[in-house]
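This report describes one protein model for a reader who has not seen it before. It moves from the whole chain to single residues.

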Amino acid sequence: GALLVSERIDREELCGALSPCSLSFEIVVENPLELYSGAVEIQDINDNDPVFPSSQARLEISESVAAGARFPLESAQDPDVGINSLQTYQLSANPHFALDVQTRVDGSKYAELVLEKELDREEQRELHLVLTALDGGSPPRSAHVQIHIDVVDANDNAPVFNQSTYKASVRENTATGTLVARISAYDLDDGPNGDIIYSFSSHTPAKVRELFALDSATGELRVKGQLDYEETKLYEIYLQAKDKGAVPGVAHCKVLVEVVDVNDNAPEVTVTSVYSPVPEDAAPGTVVALLSVTDLDSHDNGLILVQVSDVNDNAPKSSQDSYDVYVLENNMPGIPILNVSATDPDLGRNALLSYTLLQGDPTVGHIFSINRDNGTLYLLTSLDHEDQVEFSMVVQVQDGGSPPLATNVSVSVFVTDLNDNAPTVLYPHPNTTATYTDVVAPGSPAGHMVTKVVAVDADAGYNAWISYTLLQATDPSLFSVGLHSGEIFTARQLREDDAPQHTLVILLKDHGEPVLSSSATVSISVAEMVKEVLTDLTDVAPANDPRKHVTFYLILAVILVSAAFFITMLSVGIFKCYKWRQSKELFNSSRSTLYRTSGPFHHIDAVRGGLTPPNFYHQVYLTTDSRQSDLLCKKPFTSSPLGSRQSTMRNGEPGLYHQIVGTASRLPTPAE
């Protein structure tokens, strides 16, 4: 029956400032059955030194302060209790100040400087004192703090509180920010000397500063931390009011805060089984078990209601009905991405939860896995944002009751993009032996769009933003490229001495991290006339193109359609010419005589199709009965005077088109 110490005992760790410090226990004696309660009191030894909050303290005291003025000093803290705790303070010898040691309601000590002889700033500007804190141990332990006092001129009036002691009461579950008390002081001085700042006194314990907050302007004392009636029932808070003078005047008061108990502690039930199993012939009144119930609350809050058994009447409840998870693509397989959290207020097996991934989508089971015991969701494979952006699944949380109850939680996994794809060039096509040649007319002005580099990036967002830069060029001064559009413009007007063929290398970069890039090569010809353009376009197609027969039939079909269109437009042209002859306001006879031909004109635009700008063409005028007429090149890149009807045929090379446009709108003027 010996009671032994099983490990080293630290009274300060077990009980803190609570005294006496006791540990209770119960002993059951069988045959005959008896129950004994006991307690072990942990006695304190002097194993802790007093400690000041800081090693130095500084005070400013006016020379006009009268004898008898008191100045609170920072208190030392000693975790020991009883006689071993802080017992007294000592002050170094000096002609002006004496030390008055006061005792708080809880028995702790604090010191105040008392001015016995008035100060004279002209005689002595500053004083240096040493304050020593002593506990009651044998031998006593001590701590020291240096006190530096500046003697300066001060205000004529110090702040005065309207009362020296304030009282308030708050419930222990009071929310943070609740008003406890409002202190008020006044100062008869004017200006800054009459402005008051409220603060905690220097000897206010750190624990009080953690639990309460004081507004320095209004004097409102509010709850800052979590109050606990079972820990402390009464707080003695020392506050001060100080004006803003060069030598601030100070007044002091205290606030007594009573903590009101609430029922915030559940009863603790200890069950000790005596007979197991119980004989079937046991007499009524036979003791089966001993129940010991305790409650830390006070008064009515400490009365006991005992629950005996549990049934599975609560389904698992998740902290969230749904989860959204964001995972970077190219992840490492096997990483955890989510922990599905759920609780069950039942007990035992009724509260034992298991997690299952429902197989709604067969691909989900190959990509995701969930830990049955703790609800951790794992990613089994590496994901690709360009392959699939979102996965949806359902996690079922089921308890171990009979019958079991379950709750479903929806989970959505979103695959976020990484910059793992370089820009891909669509035009000009990089993987072909054929050469794409874009055409620009001689004398083209600066700012004319010649062609456009088209590219895509399989990534998303900023990772897919493409910028275009001219990397190399036959003549770097002749062409420029749009930074974000990829459009290639003439940087200056083309001259006769410019090279007829130009090769540009365009660098394409995305905006990802790190930056990925690719390049495109563009060939540009400076064409003198439409015949040369058409010849160049025809030469682009490979000689052994298997689609040449299809191209032939397409050309034949376009010719037939163009012939029908030509006849229609010829009729319209005759009608327009007739109207034109009658209009003397628009044209004079000299112009009509100079440019009139034997028949209406046929206007053909040879346009590079696809990605080339639609206003890039040459106008050619031919007589209706001539197959080998000279070509008259109109000024390039001007729009047709009237809307034109177009029919398009595709050449043998992908992305290359000829557009044949017939117009019969008007005859050229002499300027043309």
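## Basis and overall make-up

Helices (H or I, at least four residues) and strands (E, at least two) are DSSP runs, numbered from the N terminus. By that count the protein has six helices and 42 strands. The model is predicted: local features need pLDDT of at least 70, side-chain atom pairs count only at pLDDT 80 or more, and totals for chains, interfaces and linings use all residues. Residues are numbered from 1 along each chain as its sequence is written, and side-chain values use heavy atoms, with hydrogens and water left out.

A residue is called buried under 20% relative accessible area, exposed over 50%, and partly exposed in between (1.4 Å probe, protein chains only). Of the 672 residues in the protein, 37% are buried. The accessible surface is about 38,600 Å², and carbon and sulfur atoms hold 53% of that surface. These areas come from the Shrake-Rupley method with a 1.4 Å probe; for residues, only the protein chains shown count as cover.

Contact means heavy atoms within 4.5 Å. Among contacts in the protein with a separation of 6 or more, 64% are between residues 24 or more positions apart.

## Cis peptide bonds

The peptide bond from Ser-138 to Pro-139 is cis, with omega near 0°. Pro-139 sits in the loop between strand 8 (126–135) and strand 9 (142–152).

A cis bond also runs from Ser-402 to Pro-403, again with omega near 0°. The loop that holds Pro-403 lies between strand 28 (390–399) and strand 29 (406–416).

## Positive phi angles

Asn-31 is not a glycine, yet its phi is positive, at about 55°. Its place is the loop between strand 1 (21–29) and strand 2 (34–42). Asn-31 counts as exposed because its relative accessibility is 74%.

Asn-330, also a residue other than glycine, has a positive phi near 60°. It is found in the loop between strand 22 (322–328) and strand 23 (335–339). With 42% relative accessibility, Asn-330 counts as partly exposed.

## Asp-510

Asp-510 belongs to strand 37 (residues 501–510). It is buried and has no salt bridge, a salt bridge being a side-chain nitrogen of Lys or Arg within 4 Å of a carboxyl oxygen of Asp or Glu. The nearest side chain of opposite charge is that of Lys-509, 8.8 Å away. For charge, Lys and Arg count as positive and Asp and Glu as negative; His and the chain ends are not counted.

What does the side chain of Asp-510 reach at 3.0 Å? It reaches the backbone nitrogen of Leu-516. The backbone nitrogen of Gly-512 is reached by the Asp-510 side chain at 3.3 Å. Leaving aside neighbours within four places in sequence, Asp-510 has contacts that include Asn-419, Asp-457, Trp-465 and Val-515.

Leu-14 lies in helix 1 (residues 11–15). Its relative accessible area is 47%, so Leu-14 is partly exposed.

Leu-426 is in strand 30 (residues 424–427). It is partly exposed, with a relative accessible area of 45%. Leu-426 and Val-454 are 28 residues apart along the chain, and their C-alpha atoms are separated by 5.4 Å. Not counting residues up to four places away in sequence, Leu-426 touches Val-454, Ala-455 and Val-456.

How values were computed
A polar contact is a pair of N or O atoms within 3.5 Å; within protein, one must be able to donate a hydrogen and the other to accept it, and residues adjacent in sequence count only if both atoms are side-chain atoms.
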